[in-house]
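I opened this entry to keep track of what I look up, one part at a time. The sequence and the structure come first, then my notes.

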Amino acid sequence: MEPLRQSPSPCPSSRPSSPRTPPCEMFGHVGIEAVLDQLKIKAMKMGFEFNIMVVGQSGLGKSTMVNTLFKSKMWKTTVPGFVMPIPQTLQLHSVTHVIEEKGVKLKLTVTDTPGFGDQINNDRCWDPILGYINEQYERYLQEEILITRQRHIPDTRVHCCVYFVPPTGHCLRPLDIECLQRLCRTVNVVPVIARADSLTIEEREAFRRRIQQNMRVHGIDVYPQKCFDEDINDKILNSKIRDRIPFAVVGADREHLVNGRCVLGRQTKWGIIEVENMAHCEFPLLRDLLIRSHLQDLKDITHNVHYENYRVIRLNESHLLPRGPGWVNLAPASARQLTSPGPSKACRRARDGSEDGF
Ligand SMILES: Nc1nc2c(ncn2[C@@H]2O[C@H](COP(=O)(O)OP(=O)(O)OP(=O)(O)O)[C@@H](O)[C@H]2O)c(=O)[nH]1
Ligand SMILES: [Mg+2]
């Protein structure tokens, strides 16, 4: 029976040419680049989810910054003829908005947190914040381990935490150090110098350098983390960003008329501080990082690093629990697990097999 051997190849040109067969068009164009269009169409249909959290001491302009970032699309502070001040944030709460620009839908959730650190006893004042972040990981995990799970798991995990450093002009306070150390192990943190209009240009620069040095000394690894640069292009771009972090920002949620243009800014006695003007502050750098250049990377690192650390820890713990048939028996996390210091440290310990608690 020879027919199989004699049957012509369905695509003779797709086989490598031997010295005797004439060269064929094996490297012809097959249109692989169209996959990019497919991804784009799919992404446009699905839309994007992005979750930001603002954290820091009371009165540093966190709620205002949320409005500045999304051009007052989050909180409405003006009714015609009357300007309402943004109220003090008294409890942690999230607001979700769907923002659409040029057919691209962004489901944006901003979690505003009450300012911390103004109590007499600030012991563990970061617990509610870490608790919230870990709760979102837990929620995702509980969905992910279901046998019949949703095709698309709703993502409420915090992709970026913007940390507001008070403009003291000195250095990081012990409370900020403690808090940043814990947050960095759990979530992507982008620190900013808040209310930067209270510092001169030289003071801002000197303050930034001191904060950078403080962060190096205290092992505070903020976003974009050096160890996750994927190639030389990432390295070049991210090094420039790392050099400018923390950005000195000014927040505003009101518009003013400057030279016939409507600009977001703060009216002062000596003029208007335009928040989107790089000569006045570095808010544009923050916005570009969060939305224009690194949104997807922030999501990827959240999923592949921070959430993964949390997941490993929780699944390791589950081995200690009695199992159902063929099922990972994962009990809901306890309050202590949700607020314990960063999973990555704990993760390393779990991998090293060391027994000491955090
Ligand atoms: N000078 C200056 N004032 C600001 C800036 N951002 C906000 N403010 C003002 O600071 C005050 C407090 O702003 P909020 O946005 O409510 O501050 P917050 O950090 O959310 O405060 P809590 O909710 O108490 O934690 C308001 O009067 C704002 O107008 C800024 O960049 N510079
Ligand atoms: Mg607030």
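**Helix α2**

I began with helix α2 (residues 34-46), which has 13 residues and reaches 19 Å from its first C-alpha to its last, close to the 18 Å expected at 1.5 Å a residue. The expected span of a helix is 1.5 Å times one less than its number of residues. Helices (H or I, at least four residues) and strands (E, at least two) are DSSP runs, numbered from the N terminus.

I noted that this is a predicted model, in which local features need pLDDT of at least 70, side-chain atom pairs count only at pLDDT 80 or more, and totals for chains, interfaces and linings use all residues. Residues are numbered from 1 along each chain as its sequence is written, while chains are lettered from A and ligands numbered from 1 in the order in which they are written.

How many residues of α2 are buried? I found a count of zero among its 13 residues, and α2 is hardly covered. A residue is buried if 20 or more other C-beta atoms lie within 10 Å of its own, exposed if 12 or fewer, and partly exposed in between, with C-beta atoms placed from the backbone. Just after α2, I saw that G47 has a positive phi of about 80 degrees.

**The whole protein**

I counted eleven helices and eleven strands in the protein. It has 358 residues, and buried residues make up 30% of them. I also looked at contacts, where two residues are in contact if their C-beta atoms, placed from the backbone, lie within 7 Å. Of the contacts with a separation of 6 or more, 65% are between residues 24 or more positions apart.

**Helix α9**

I turned to α9, whose 24 residues reach 33 Å from the first C-alpha to the last, close to the 34 Å expected at 1.5 Å a residue. Where does α9 bend? I found a bend of about 40 degrees at E308. The bend at a residue is the angle between axes fitted to the seven residues ending there and the seven starting there.

The buried residues of α9 include L298, H306, Y307 and R314. I then picked L315, which lies in α9 (residues 295-318). L315 counts as partly exposed because it has 14 C-beta neighbours inside 10 Å. L315 and L141 are 174 residues apart along the chain, and I read 9.6 Å between their C-alpha atoms.

**Cores and C160**

I looked up nonpolar cores, meaning sets of buried Ala, Val, Leu, Ile, Met, Phe, Trp, Tyr and Cys residues joined through C-beta atoms within 7 Å. The largest has 53 residues, and C161, V189, V192 and V249 have the most contacts inside it. Strand β6 (residues 160-165) gives the largest share of this core, six residues. Apart from this core lies another, of five residues, among them Y140, Y307, Y310 and I313.

Leaving out residues up to four places away in sequence, V189 touches C161, Y163, L180, L183, C184, V222 and Y223.

Most residues other than glycine have a negative phi, and most peptide bonds are trans. I listed the exceptions that I looked up.

- R195, in the loop between β7 (189-193) and α6, has a positive phi near 45 degrees. R195 is buried, because 22 other C-beta atoms lie within 10 Å.
- N259, in the loop between β9 (255-258) and β10 (261-268), has a positive phi near 50 degrees. N259 is exposed, because 5 other C-beta atoms lie within 10 Å.
- Y223 and P224 are joined by a cis peptide bond with omega of about -5 degrees. P224 is in the loop between α6 (201-217) and α7 (232-244).
- The peptide bond from I245 to P246 is cis too, with omega near 0 degrees. P246 is in the loop between α7 and β8 (247-248).
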